[in-house]
Amino acid sequence: MPPVIDINKCKGCRKCYNNCPGDLFVFHPRQKLPELRYPDECWHCGTCRMDCPEEAISIVFPMEML
Amino acid sequence: MKAEKKIFHTDVLVVGGGVAGCMAAIAAHDGGAEVLILEKAAVVRSGDAGAGNDHFLANLNSGEEWDTDEAFARYYVRLSQGLIDVDIARNLHLRRIGEIIERLESYGIEMRDRSTDTFIRTKSFGQPGPYYINFKGKHLKPALATQLRKRKIPVINRASVTGLICDGKQVLGAMGFNVRTGEFYEARAKATILAVGDATRLWPNPSGLAFNTWMSPFNNGVGYVTAYKAGAELANMEIAAVTVVPKGFSAAGLNAFTGMGGYLWNSSGERYMQKYHPMGEGAPRNTLALGTFREYSEGRGPCYIDVRHLSKDALSHLTNNLLPVDKDTLVMYIEQKGLRLDRDLLEVGVSEMQMAGFTGSVSGIVIDRTGKSTIDRLYAAGACTVPSFALSGAFATGYSVGEETARVCRDSSRFDSGCEEQVAGEMERVYAPYNRAQGVNYKKFEDRLRQIMGDYVGYVRNERGIETGIGKLEELGQRVDEIKAENLHELMRTLEFQDLLLVGKIVAKSALARRESRMGLSHLRADYPSTDEGSFKDMTIVKAGPRGIEVSLRPTVDNTGRI
Ligand SMILES: Cc1cc2nc3c(=O)[nH]c(=O)nc-3n(C[C@H](O)[C@H](O)[C@H](O)COP(=O)(O)OP(=O)(O)OC[C@H]3O[C@@H](n4cnc5c(N)ncnc54)[C@H](O)[C@@H]3O)c2cc1C
Ligand code: SF4
Ligand code: SF4
């Protein structure tokens, strides 16, 4: 589960959904929440983390990588 | 699914809005051309440099002997072992470096150290002097995106290009689809620039995670494939890229560690690189990868990078200004491993293989001094071309090629119609995996592709193995119609797999033709273990012929005498 979203901090701005280079998020308009739909395809580039204005995303490396 | 089709006409069509694509669009626009960018992700963070880069390769003519254009050109040739025409590099890249740095500063990218107003420069990878400017490149893509917006250059994000419109003699534009809306795009242009970067995910990943790649896992060789299908030439496609990375995380950053003076140790406590190169850890990248590979395969692993001996200031520069800029998450990774660089060693390993347009890379689309491919009206820039020279190469060649296409468009009023059947055929091909009633997920096929490449066209190759691999790739190719994409995201990945499969075949056929070993693990033939400067100081050239992939050898143009 590379990026982990703190839904209490998320304000639904869509930046992670818009900027992820891998198209890995989907956005649920009714709940105004992003969801990381394809965690296996994460590059761990940090874009979603860096660009989130609410600092709601942290990167947690999977155990195969540690 | 019945897709809607949108048709565009423009002067210059830029395919891929990475560093080279953005620079090409800016230059073409400033040269008076109408421009359109089709980008698979979103220009603000797409491509190899999307989340930041920290080293800008440059000579600055400071008066030192190693800092001249000539010395830099000699380094370029040495690193690429003469397999490129340095005259092309000189025209598109070298002569423009100073001007590009000024341009980046005008875009708000901090190239100098703020407190001293000078460039911080370090040396690695066999450089004769400190050619790497350490700069603040974390937000270089947002800065380029701002420049596009300022100029009102139209960009379509999430537009994945799948093919070129080509009448057999010249390229009339490109086709693709939107990975979010499903719309089909037919974009016709007076000149088309491919700036789609490298090809990853083609070989097994040591971590077992296919997207844990050194270069962007979202660049999949569409430039090589579309150029090849249009009849253009590719060069040296057997020469892959391999590097040394933290064990488990295929992250960029090696140049930061070695540039700051890091040591590489094996498990016996030996600084092993000194056995392989007089410059030790300062050796070229492919020598570092080969040395590390030998240590592991001969039982002297695990290997480690060590920066504990650096001064406090140097360590702080490394961990604050370099590592987190080049790979945003690397410092977090080290922390999550429970390590501290001032106290601990960091285990390293050999990366997966990939086709990467990194410093010294020699493989890709063949271009001339103007950036034109061997097909009319098709240009290319950045990591998908040969020569290409990492970030500073992408900035400079992108800009040069953009300027050139604007110039060409001024003299041309041609917007050709035609090739309608080709467009209809591409539309059919693109949506077929989505429209299929049932089938297998693309992942199974992509895993099989990597398995074949690793087993037969991997770190160590031989003739029998490569031939076996080609047979298995052909068999895999006969089954692609079994893939079913459940949604547009999977459709994008399925089409990427199809491109990767063709790149795999091209790599294998080229690897068969180069009966020598060259550049460490980039092309290591167990049956021809030596480098053969006599017969093989040649480019392998790939072209589509009547019998499929045709490979020939072409002597390189030796322009070093002119340096
Ligand atoms: C983490 C990292 C750190 C690096 N650090 C350095 C460094 O410090 N110094 C250095 O010199 N080099 C560095 N490099 C290498 C450097 O970033 C690249 O060589 C350079 O960015 C290549 O630029 P490019 O424009 O050719 O390709 P990219 O910037 O990768 O652009 C390719 C673009 O094409 C798009 N694309 C791909 N397929 C399609 C398609 N089908 N349709 C439409 N668009 C498509 C991609 O989304 C992408 O935007 C680093 C690379 C990485 C990954
Ligand atoms: S780390 Fe990068 S690739 Fe992974 S989800 Fe975030 S933006 Fe996407
Ligand atoms: S960028 Fe942050 S605030 Fe915006 S949608 Fe994503 S998680 Fe929520």
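Here is a walk through a predicted model, starting with chain A and moving on to a few spots in chain B.

Let's begin with chain A as a whole. You'll find 2 helices and 4 strands in it. Follow the chain from the N terminus and the elements come in the order β-α-β-β-α-β. Its C-alpha trace spans about 35 × 20 × 15 Å along the principal axes. How does the radius of gyration of chain A fit with that of a compact globule? A compact globule of 66 residues would come out near 11 Å, and chain A has 11 Å, so the two agree.

Of the 66 residues in chain A, 52% are buried. The chain exposes about 3500 Å², and carbon and sulfur atoms supply 50% of that. Take the contacts in chain A between residues at least 6 apart in sequence: 51% of them join residues at least 24 apart. As for charge, chain A carries 8 positive and 9 negative side chains, and the centres of these two sets lie 10 Å apart.

One residue of chain A deserves a stop. Glu55(A) sits in the loop between α2 (47-51) and β4 (57-59). It isn't a glycine, yet Glu55(A) has a positive phi of about 50 degrees. Is Glu55(A) buried or exposed? Its relative accessibility is 63%, and because the cut-off for exposed is over 50%, Glu55(A) counts as exposed.

Over in chain B, there's another non-glycine residue with a positive phi: Phe125(B), at about 55 degrees. You'll find Phe125(B) in the loop between β4 (120-122) and β5 of chain B. With a relative accessible area of 2%, Phe125(B) is buried.

Next, have a look at helix α4 of chain B, which covers residues 97-106. Its buried residues are Ile97(B), Ile100(B), Ile101(B) and Leu104(B). Why do they end up on the same side of α4(B)? Because they cover an arc of only 100 degrees around the axis. Just after the helix, Gly108(B) takes a positive phi of about 90 degrees.

Further along chain B is strand β12, residues 263-265, and Leu264(B) is in it. Leu264(B) has 0% relative accessibility, so it counts as buried. Setting aside neighbours within four places in sequence, Leu264(B) has contacts that include Tyr272(B), Met273(B), Leu288(B), Ile305(B) and Val348(B). Thr385(B), on the other hand, is 121 residues from Leu264(B) in sequence and 32 Å from it in space, C-alpha to C-alpha.

Let's finish with two cis peptide bonds in chain B. One joins Gly301(B) and Pro302(B), with omega at about -10 degrees. Pro302(B) belongs to the loop between α9 (285-297) and β13 (303-306). The other runs from Val386(B) to Pro387(B), and its omega is near -5 degrees.

Conventions: Residues numbered from 1 in each chain as written. Chains lettered and ligands numbered in written order. Predicted model: local features only at pLDDT ≥ 70, side-chain atom pairs only at ≥ 80, totals over all residues. Heavy atoms only, no water. Rg over C-alpha atoms; globule rule 2.2 N^0.38 Å. Buried < 20%, exposed > 50% of the residue type's maximum accessible area, 1.4 Å probe, protein only. Contact = heavy atoms within 4.5 Å. Areas by Shrake-Rupley, 256 points an atom, 1.4 Å probe, with all protein chains shown as cover. Lys, Arg positive; Asp, Glu negative; His and termini not counted. Charge placed at Lys NZ, Arg CZ, Asp CG, Glu CD. Arc of directions from axis to C-beta.
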